[in-house]
Amino acid sequence: MTDAMLEKRLEDARPLFAEIWQALADSLRAAGLDQGLAVSGTSHTRAELREDAYDHSQSLYAEWRTPGNGYLGSVLIHGDGQAFAEFDVLLPHPCKPAWVIEAATAWGYRGALKSELRLLPALDS
């Protein structure tokens with residue numbers, strides 16, 4: 001695995017990243033939050049190619065972190081183009097006071113992504 005291979009995979013993934021940002025923003029908007037994710041459209045903090053233990057294909061893993069190295073979220077794109085993204089939200093649900101939005105997730109293929117919010121019960125409910 002060379003740096004050139006990683007850079008090529010990252011460049012090829014740009015349209016899929018854009019679709020992921022949109023899918024995550026759409027999920028947040030549907031819940032009543034007008035804001036997108038703070039990291040939407042920003043560069044990853046680190047990226048690497050990972051070998052799948054089963055079929056030995058190369059998956060692209062990109063991660064976003066705060067300046068203090070706190071985890072914000074990640075995107076994993078398998079060799080066949082299937083993607084999974086998960087980003088922390090940690091905000092009260094604007095329409096359901098008994099719930100907190102823990103994270104936003106997206107999965108699927110380019111042009112066919114699904115997205116949903118992961119909810120947790122609010123501590124004071």
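Trainee: Which residues do ring pairs link into a cluster?
Mentor: Phe17, Trp21, Trp64 and Phe87. Rings of Phe, Tyr and Trp (its six-membered ring) pair if their centres lie within 6.5 Å; planes under 30 degrees apart are stacked, over 60 edge-to-face, the rest tilted. The model is predicted: local features need pLDDT of at least 70, side-chain atom pairs pLDDT 80 or more, while totals for chains, interfaces and linings use all residues. Residues are numbered from 1 along each chain as its sequence is written, and side-chain values use heavy atoms, without hydrogens and water.
Trainee: How do tryptophan 21 and tryptophan 64 pair?
Mentor: Edge-to-face, 5.3 Å centre to centre, with 85° between the planes. Tryptophan 21 is in helix 1 and tryptophan 64 in strand 2, 43 residues apart. Helices (H or I, at least four residues) and strands (E, at least two) are DSSP runs, numbered from the N terminus.
Trainee: Tryptophan 21: buried or exposed?
Mentor: Buried, at 10% relative accessible area. Tryptophan 64 is buried too, at 2%. Buried is under 20%, exposed over 50%, partly exposed in between (1.4 Å probe, protein chains only).
Trainee: And what about phenylalanine 87 with tryptophan 21?
Mentor: That pair is tilted, 5.3 Å centre to centre and 55° between the planes. Phenylalanine 87 lies in strand 4, so the pair ties helix 1 to a part 66 residues away in sequence.
Trainee: New topic. What is the strand order in the sheet?
Mentor: 1-2-3-4-5-6, an open sheet with antiparallel pairing. Strands pair if DSSP finds at least two bridges between them. The edge strands are strand 1 (46-51) and strand 6 (112-121).
Trainee: How many bridges join strand 4 to strand 5?
Mentor: Eight.
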